[in-house]
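Subject: Structure for your review

Dear colleague,

Please find below the structure that I am handing over to you. My notes on what was found in it follow directly after.

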Amino acid sequence: MASTTPSSGPSITTIALSLTAALTTASLAYALYFDHRRRTDATFRRSLKKEHKKIHLSAKQEEAAAQTAQKEKIRRVVAEANEEGFPKDPEETEGYFMQEVARGEGMCTDSAADPVDAALCFYRALKVYPQPRELIGIYDKTVPKPILDILAEMIAVDPEINVSGSSSDAGHATVE
């Protein structure tokens with residue numbers, strides 16, 4: 001036989017709905033209070049502006065510090081690469097070039113890889129390539145822009161790489 005006594009309390013769904021309604025009402029009331037205070041209280045508006053400026057200033061400082069750290073890292077890795085040296089034998093140079101370009105391309109596709117390390121691979125390949133201007137033109141078409149920008153900073157740091165036009169390039173036209 002079925003029991004005819006009513007349950008002793010509210011159901012779980014009733015409690016959940018009541019709690020959700022109360023939280024929604026409280027959130028809406030706080031939003032209205034905040035908006036009213038923002039519109040009417042001048043000191044509150046000023047304090048909000050100050051907080052916004054502080055956050056914006058700290059973000060700018062962090063960005064500047066990150067750029068400075070990246071430039072220092074670029075100088076350091078270029079100096080380390082130059083200290084390690086590069087192969088002189090033509091056969092070793094060709095293998096080294098292919099290896100570094102392949103590593104750089106692999107790092108470009110890997111989102112977890114450090115872009116400075118990827119640019120360093122292309123830099124090493126550039127150092128052993130006989131015509132750096134020609135290779136930079138190829139890099140310009142194939143290497144992603146952020147890595148290419150880092151590579152440009154590496155080239156600017158290294159005075160040994162001659163990428164300007166030389167007398168041997170004067171008579172040659174490039175076909176693109």
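A salt bridge is taken here as a side-chain nitrogen of Lys or Arg lying within 4 Å of a carboxyl oxygen of Asp or Glu. By that criterion, Arg103 forms a salt bridge with Glu100, with 3.1 Å between the closest N and O atoms.

Please note that this is a predicted model, in which local features need pLDDT of at least 70 and side-chain atom pairs count only at pLDDT 80 or more, while totals for chains, interfaces and linings use all residues. Residues are numbered from 1 along each chain as its sequence is written, and side-chain values use heavy atoms, with hydrogens and water left out.

Overall architecture

The protein has six helices and zero strands; helices (H or I, at least four residues) and strands (E, at least two) are DSSP runs, numbered from the N terminus. Read from the N terminus on, the order of elements is α-α-α-α-α-α. The protein has 176 residues, of which 20% count as buried. Buried means under 20% relative accessible area, exposed means over 50%, and partly exposed lies in between (1.4 Å probe, protein chains only). Among contacts in the protein with a separation of 6 or more, 65% come from residues 24 or more positions apart, a contact being heavy atoms within 4.5 Å.

Helix 1 against helix 2

Helix 1 (residues 12-40) and helix 2 (residues 42-84) pack with their axes 5 Å apart and at an angle of about 100°. The axes are lines fitted to C-alpha atoms, for helices over the stretch in contact, and angles between N-to-C directions run from 0 to 180 degrees. Helix 1 and helix 2 are therefore roughly perpendicular to each other; angles under 35 degrees count as roughly parallel, over 145 as roughly antiparallel, 65 to 115 as roughly perpendicular and the rest as oblique. On the side of helix 1, the contact is made by Phe34, Arg37, Arg38, Arg39 and Thr40, which meet Ala42, Phe44, Arg45 and Leu48 in helix 2. By class, this contact of helix 1 with helix 2 holds four nonpolar, one polar and four charged residues. In this classification Ala, Val, Leu, Ile, Met, Phe, Trp, Tyr, Cys and Pro are nonpolar, Asp, Glu, Lys and Arg are charged, and the others, Gly among them, are polar.

Salt bridges

Side chains of opposite charge can pair when their charged atoms come close. A search of the whole structure finds 10 salt bridges.

In helix 1, the side chains of Asp35 and Arg39 meet in a salt bridge with an N to O distance of 3.0 Å. Asp35 and Arg39 are four residues apart, about one turn of the helix. Asp35 is partly exposed at 25% relative accessibility, whereas Arg39 is exposed at 59%.

To return to the pair named at the outset, Arg103 and Glu100 are three residues apart in helix 3 (residues 90-109), a separation of about one helical turn. Arg103 is partly exposed at 35% relative accessibility, while Glu100 is buried at 2%. A network of salt bridges links Glu84, Glu100, Arg103 and Arg124.

In helix 6 (residues 145-157), Lys145 and Asp149 are four residues apart, about one turn of the helix. Lys145 forms a salt bridge with Asp149, with the closest N and O atoms 2.9 Å apart. Lys145 is exposed at 56% relative accessible area, and Asp149 is partly exposed at 35%. Asp149 and Val116 are 33 residues apart in sequence, and their C-alpha atoms are 9.9 Å apart in space.

Nonpolar core

The largest nonpolar core has 27 residues, and those with the most contacts inside it are Tyr123, Tyr139, Leu151 and Met154. Such a core is a set of buried Ala, Val, Leu, Ile, Met, Phe, Trp, Tyr and Cys residues joined through side-chain atoms within 4.5 Å. The elements giving two or more residues to this core are helix 2, helix 3, helix 4 (115-128), helix 5 (132-142) and helix 6. Helix 4 supplies the largest share of this core, nine residues. Leaving aside its neighbours within four places in sequence, Met154 is in contact with Ile74, Val77, Val78, Val116, Ala119, Leu120 and Tyr123.

With kind regards
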